[in-house]
Amino acid sequence: MVTRAKRVGEDRLIKKYPNRRLYDTQTSTYVTLADIKGLVMGSENFKVVDAKTDEDLTRNILLQIILEEEAGGAPVFSTQMLSQIIRFYGNSMQGLMGNYLEKTMQSFVDIHNKLGDQTKGLGAGSTPEAWSQMMNLKNPLMQGLMGNYMEQSKDLFVKMQEQLQGSQNLFGSFPFTPHPNKTEKE
């Protein structure tokens, strides 16, 4: 079989056919969701498109992988968290929430990478048991890292609030005035 070479700067192209099969155009083979997950884990850029319409289906496939992982027994998202996320759909804050979650996740990834860099020279630090002990929140290192993470998350939220307050002049031309402060009844 002839394989299609990926050009520099080009995403790996996966085509989804009506029979629900996924076809990797780079390797000229059919792939599974597990294979797609492998691409994600390997930080490889890819794009999934409908074979007939060229509609971008990448997000749908990623959501499908998340759904399978969540059903696998050790979910990342609690029911309460999922409910809270759903409540933001259609809300005026939906765009801000997505941006906030993305930046918070990036902060978490940065901390994870920093932790990995700090443990590289420990030898046994890469075993699952060592990671389990390190991830224990009673561990002073973890307490410090999580404290830094929470501080970064809080700072990000405060910056978002400041941006919103700074953009209030956008709303100044609307024909309504804010409600005056009501005093408490004595």
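Relative accessible area is classed here as buried under 20%, exposed over 50% and partly exposed in between, with a 1.4 Å probe and protein chains only. The model is predicted, so that local features need pLDDT of at least 70 and side-chain atom pairs count only at pLDDT 80 or more, whereas totals for chains, interfaces and linings use all residues. Residues are numbered from 1 along each chain as its sequence is written, and side-chain values use heavy atoms, with hydrogens and water left out.

Tyr-17 has a relative accessibility of 30% and therefore counts as partly exposed. The structure holds 2 aromatic pairs, where rings of Phe, Tyr and Trp (its six-membered ring) pair if their centres lie within 6.5 Å, and planes under 30 degrees apart count as stacked, over 60 as edge-to-face and the rest as tilted. In the pair of Tyr-17 and Tyr-23, the centres are 6.3 Å apart and the planes stand at 75 degrees, an edge-to-face arrangement. The rings of Tyr-23 and Tyr-30 are also edge-to-face, because their centres are 5.2 Å apart and their planes lie at 65 degrees. Through these ring pairs, Tyr-17, Tyr-23 and Tyr-30 are linked into a cluster. Tyr-30 is partly exposed, at 42% relative accessibility. The charged end of Arg-21 sits over the ring of Tyr-30, 3.8 Å from its centre; this term requires NZ of Lys or CZ of Arg within 6 Å of the ring centre and within 35 degrees of the ring normal.

Ser-28, with a positive phi of about 55 degrees, is found in the loop between strand E2 (22-24) and strand E3 (29-31); helices (H or I, at least four residues) and strands (E, at least two) are DSSP runs, numbered from the N terminus. Ser-28 is buried, at 9% relative accessibility. Asp-54 has a positive phi near 65 degrees and lies in the loop between strand E4 (46-50) and helix H2 (58-71). With a relative accessible area of 55%, Asp-54 is exposed.

UniProt, in an unreviewed entry, places the feature "domain: PHB accumulation regulatory" at residues 77-112 and 127-165; such annotations may be inferred rather than shown by experiment. Residues 77-112 are 78% helix and 0% strand, with end C-alpha atoms 18 Å apart. Leu-156, in helix H6 (residues 140-166), is buried at a relative accessible area of 17%. Not counting residues up to four places away in sequence, Leu-156 touches Tyr-100, Lys-103 and Thr-104, contact being heavy atoms within 4.5 Å.
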